[in-house]
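Please read the briefing below with the sequence and the structure at hand.

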Amino acid sequence: MIEPQAPAPPGSTQSPGRPRGSSDGSREGVGGSGGGGGGGDGPGSSLRLPVRPGTGRFLVLAGVFVCAACGLVYELELVALAAYLMGDSVTQASVVLSVMVFAMGIGSLGAKRLRRHAAAGFGAVEAALALVGGCSAMALYAVFAWTGDWGGPWAHGPPVLLVVFSLAVGLLIGAEVPLLMELIQRIRRQDAGGAVADLFAADYVGALVGGLAFPFLLLPFLGQLTGTLITGAVNTVVGGALVLGLFRQDLTRRARRLLIIGNLCVLTVLASATVLVEDFERAARRAMYGADVRVALRTGVQEVVLTGDRDGRSLGLFLDGRLRADSRDELRHHEALVHPAMTGPHARVLVLGGGDGLAAREVLRHSGARRVDVVDLDAGVVRLARHDPALSALNDHALDDPRVRVTTADAFDWLRGAPPAAYDVVVSDLPHPEITASTKLYSQEFYGLVRRVLAAGGRLVVHAGPVASRPEAFWTVESTIRSAGLHTAPYGTADRSAGLAAGPGLAPAGTTRALRDRGFVLAARTAPELRLDPSGPRPRTLTDSSLAAGARAAERTRVPGLPPSTLIHPRYAR
């Protein structure tokens, strides 16, 4: 039965003993008007509930809590997957969240038309949200893996699909609150402010739980695809149980039958996708990386994939889908990165990044190197570099050399605690600056820390990304290094080799076959001389003349007047 109505507000003409808005004790029928939500005049509540009204109200708020947690997981999943697939997480997060919030407003307005059938409408909305949100990650990943190399009109297909999913999820999330407001008012009338406060409190606490569960529970233990599918299943079960269990009498027989069938279909789709998710991931990796994926794992930092090294195929190391090293041409990159900086004192060398051991290999070719400290964020990459037969052979087992000490840490944080003037050479072999997570590692503050750990006469060399294809980012790196009080000597190198183009975006393997140029900046407290150590080992792909040519080629691309990038004003976003 229904509890007595809430006290009438001051000035109300409500008659004692009669529920506010009721007429001659009549009941609201199935599909009857629900326009009196929010405590205003409207039909009174006389639903027959299977539980007491207080318990029913609690169950509705519990449903709000769970649905809010699921909704935030969908949002975070779209942001995370978009950043992984398309780079620049700031842009992707801004697009997803702004589109979703806009769509929530539209969905909330649209839900006004469903208030007469609030229970059936809420059940349908939750089933649709579970299906769309739960399958969004798999659908977006599939489109990127199998159609990412189509080009032409489809070149921006994945970003468009991201906007479509953000709109759809936002519309459905926005429709929830008006319908839930109507349902909770049908259980027990209360003033609009109190009802809104209760619903929003449950909604915000649920969002908190969903926001914490995504990075700390779903991603590490279930993975992005499985975690999102299971979230959709939870969304389906809770939404369906709330409507079919608590508001069963508010539904027609046909509505109950359709909701049961719809929810069972959604659960079947989600369960089937969960069972097949591993096969799907393997097929998607083959589509993106080719048929010779040998190792695929997700560390606590990123996805690591090793391809090739069988039947004469080259070894490829991919980090979060971006080609980090290819055995066909990595020597050109690492020789150009390391050897110019080793001209001069080089007994103590610091390698920032380089967990694959390839930069350390080149450092160790110089007999004067007595200690090499490697600081990399991902212990999983370091383990592969040490124990994978192909990768450890490629790096000549450099990380097992007694002169090498490996530390798993964030390079920025590690530098803050490093002793001053501790290194003769610092080699920065870090991810591309246009990847948002890396921008602090290409900032004025970061290079200020590097300058502090350089000994007198010490040198810094930075992998600064492509020169010709992204000159603005390259010269922003150079400007930022100069702003930290160092003199610079920029240079580049180029080769023609098949594979992924360097840069922040993810692209299917083998689809980009173009001139790949690499840019570097050599820096010191005094103007550095760009040359090779005459007493050092002879690089196989680098000479003094090619260094000079690379410097001239880089200079022709110079973009003058670029401001430095700082922590509070990053300047590398595309």
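Of the 574 residues in the protein chain, 53% are buried (under 20% relative accessible area with a 1.4 Å probe, protein chains only; exposed is over 50%, and partly exposed lies in between). This is a predicted model, in which local features need pLDDT of at least 70, side-chain atom pairs count only at pLDDT 80 or more, and totals for chains, interfaces and linings use all residues. Residues are numbered from 1 along each chain as its sequence is written, and side-chain values use heavy atoms, with hydrogens and water left out.

**The chain as a whole**

- The protein chain has 16 helices and 11 strands; these are DSSP runs numbered from the N terminus, with helices being H or I of at least four residues and strands being E of at least two.
- Among contacts in the protein chain with a separation of 6 or more, 75% are between residues 24 or more positions apart (contact means heavy atoms within 4.5 Å).

**Helix H1 and its partners**

- Two packed helices are described by the angle between their axes and the distance between the axes.
- Helix H1 (residues 53-86) and helix H5 (residues 192-222) have axes that come within 7 Å and cross at roughly 45 degrees (axes are lines fitted to C-alpha atoms, for helices over the stretch in contact, and angles run from 0 to 180 degrees between N-to-C directions).
- That angle makes H1 oblique to H5 (under 35 degrees counts as roughly parallel, over 145 as roughly antiparallel, 65 to 115 as roughly perpendicular, and the rest as oblique).
- The contact includes Leu-61, Phe-65 and Leu-72 of H1, and Leu-199, Val-205 and Phe-214 of H5.
- The axes of H1 and helix H6 (residues 224-246) come within 10 Å and cross at roughly 155 degrees, which makes H1 roughly antiparallel to H6.
- Residues of H1 that meet H6 include Gly-56, Val-60 and Tyr-74, and those on the H6 side include Thr-228, Asn-235 and Leu-242.

- Helix H8 (residues 277-289) has 13 residues, so at 1.5 Å a residue it should span 18 Å, and its end C-alpha atoms are 18 Å apart, which agrees (the expected span is 1.5 Å times one less than the number of residues).
- Val-277, Phe-280, Ala-284, Arg-285, Met-288 and Tyr-289 are buried in H8.
- They cover an arc of only 140 degrees around the axis, so they are on the same side of H8 (the arc is that of the directions from the helix axis to the C-beta atoms).
- Buried residues of H15 include Phe-474, Trp-475 and Ile-481.
- Gly-485 follows H15 and has a positive phi, near 90 degrees.

- Leu-352 lies in strand S5 (residues 348-353) and is buried, with a relative accessible area of 0%.
- Leu-352 touches residues including Val-375, Leu-415 and Phe-446, not counting residues up to four places away in sequence.
- Leu-352 is 25 residues from Leu-377 in sequence, and their C-alpha atoms are 9.2 Å apart.
- Arg-370 is in the loop between helix H10 (358-364) and strand S6 (371-376), and is exposed, with a relative accessible area of 59%.
- Arg-370 touches Ala-347 and Arg-403, not counting residues up to four places away in sequence.
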